[in-house]
Amino acid sequence: MKYIDEFNDPRLARRLLDEIRATATRPWALMEVCGGQTHSIIRHGIDQLLPEQVELIHGPGCPVCVTPLEVIDKALEIASRPGVIFCSFGDMLRVPGTDRDLFRVKGEGGDVRVVYSPLDALELARRNPDREVVFFAIGFETTAPANAMAVHQARRLGLSNFSLLVSHVRVPPAVEAIMTAPECRVQGFLAAGHVCSVMGMAEYPELAERFRVPLVVTGFEPLDILEGIRLAVRQLERGEHRVENAYPRAVREEGNPAAMRMIEEVFEVTDRSWRGIGRIPSSGWRLTDAFRAYDAEHRFDVSGIRTEEPAECRAGEVLQGLIKPTECAAFGTTCTPRTPLGATMVSSEGACAAYYLYRRMNTAAPQAGTAAPQEVAPVA
């Protein structure tokens with residue numbers, strides 16, 4: 001099995017949809033916590049095929065989107081300095097800071113380079129001993145092991161011209177923040193499968209029990225998502241609230257012990273600000289004292305930068321699941337992929353980008369039952 005066509009089978013999708021319809025007897029609101037899942041849901045029209053009782057709420061699962069504005073401004077300041085090679089994944093270059101983005105810095109003469117791994121940045125540091133090489137280390141638990149390995153290797157190789165600008169965030173504290181918010185409507189979660197493939201599921205049973213919500217670890221293909229929804233709705237109808245693994249081909253309960261050991265050696269838990277949301281206690285990582293010499297924020301003395309989010313951008317409400325992208329007045333008008341107000345419009349995992357890309361331009365999206373639910377062609 002190649003795991004490509006097998007999880008896009010329209011016949012199996014119809015069967016899962018039929019089971020969800022047969023199971024759901026009351027309104028339920030589920031949140032997917034991963035931007036990759038959001039794009040798959042919108043691309044394949046899964047939310048429109050579901051019965052009207054089941055609503056999907058998009059959560060803060062886009063790592064680019066939740067990187068706070070002040071960290072973007074710190075990146076812009078560092079990248080603008082002479083003698084610096086600033087390295088990043090490509091989806092960060094269009095994310096707007098207060099008055100510009102990394103593309104603008106590059107156009108103004110800054111040495112900004114797109115890399116495909118932090119180890120590529122490490123190699124640049126080895127080949128350019130007279131330059132400071134900085135890698136923009138953002139993301140959830142999924143990207144943390146590779147970033148930790150890069151710092152570990154830099155110390156082993158004695159490279160003193162390599163550093164990370166760290167903005168790592170953790171999913172479980174975000175789930176807690178969502179559930180304790182006064183406006184919360186979430187009754188169950190589709191958890192991010194790739195995060196759990198690294199960290200396992202040990203942190204989730206306590207959350208499921210405390211907030212009495214089902215938490216189903218879910219993959220990213222159409223059938224993965226439909227199966228996650230089916231299991232979550234079944235739990236809700238039965239009055240259950242536990243952790244289920246609907247992504248066993250990638251996720252083990254214990255996660256990846258080697259990756260977790262590397263993270264634990266290099267990073268320590270810290271409070272972290274989330275763009276549009278605010279500060280969430282214990283929701284991020286920073287370099288430990290043993291690796292503090294590789295912390296770009298301290299090396300370049302940019303820790304004092306403070307910013308304010310633009311008032312016209314409602315990305316924070318989108319990231320918290322309080323509104324759909326089309327409920328923002330700027331969506332598709334003053335805010336487009338060419339003229340983004342926030343990261344949710346430019347990131348490859350942003351909810352606003354998904355709605356724009358797949359032409360969800362109307363506020364009222366049709367539900368199954370009013371939009372030909374038997375037509376499952378979008379899943380193929």
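Two strands pair here if DSSP finds at least two bridges between them, and strands (E, at least two residues) and helices (H or I, at least four) are DSSP runs, numbered from the N terminus. The model is predicted, so to speak on its own terms: local features need pLDDT of at least 70, side-chain atom pairs count only at pLDDT 80 or more, and totals for chains, interfaces and linings use all residues. Residues are numbered from 1 along each chain as its sequence is written, and side-chain values use heavy atoms, with hydrogens and water left out.

**View A. Strand S11 with its antiparallel partners.** Strand S6 (residues 162–169) runs antiparallel to strand S11 (residues 278–287), and the two share two bridges. Look for Val 169, which sits opposite Gly 284 in S11. Strand S10 (residues 267–274) also pairs with S11 in the antiparallel sense, over seven bridges. Here Trp 274 has Gly 278 of S11 as its bridge partner. S10 and S11 make a hairpin with three residues between them, and Gly 276 in the turn has a positive phi of about 80°.

**View B. The open parallel sheet.** Five strands line up in the order S2-S1-S7-S8-S9, with parallel pairing. At the edges are strand S2 (54–58) and strand S9 (243–245), each pairing on one side only. From one strand to the next the twist averages 25° (axes are lines fitted to C-alpha atoms, for helices over the stretch in contact, and angles run from 0 to 180 degrees between N-to-C directions). Inside the sheet, strand S1 (residues 28–32) and strand S7 (residues 188–192) pair over three bridges, with Leu 30 partnered by Gly 188 in S7.

**View C. The largest cavity.** A cavity is a set of points, on a 1 Å grid over the protein atoms alone, where a 1.4 Å probe fits but cannot get out; lining residues have an atom within 4 Å of a point. The count comes to two cavities of 30 Å³ or more. The largest has a volume of about 80 Å³, a volume being the space filled by probe spheres set on the points, which are joined across faces, edges and corners. Its lining includes Cys 313, Arg 314, Phe 331 and Cys 352. The lining splits into nine nonpolar residues, one polar and one charged (nonpolar: Ala, Val, Leu, Ile, Met, Phe, Trp, Tyr, Cys and Pro; charged: Asp, Glu, Lys and Arg; polar: the others, Gly among them).

**View D. The second largest cavity.** This one holds about 60 Å³ of space. Of its 14 lining residues, Gly 59, Cys 62, Leu 319, Glu 349 and Ala 351 are the closest to the centre. Helix H2 (35–44) and helix H15 (315–319) each supply at least two lining residues. The lining divides into six nonpolar, seven polar and one charged.

**View E. Phe 89 meets Phe 135.** The structure holds six aromatic pairs (rings of Phe, Tyr and Trp, its six-membered ring, with centres within 6.5 Å; planes under 30 degrees apart are stacked, over 60 edge-to-face, the rest tilted). The ring centres of Phe 89 and Phe 135 are 5.4 Å apart with planes at 80°, so this pair is edge-to-face. Phe 89 is partly exposed at 25% relative accessible area, while Phe 135 is buried at 1% (buried is under 20%, exposed over 50%, partly exposed in between; 1.4 Å probe, protein chains only).

Note on methods. 1 Å grid on protein atoms, 1.4 Å probe; cavity = no way out; pocket = protein on both sides within 12 Å on 5 of 7 lines; lining within 4 Å.
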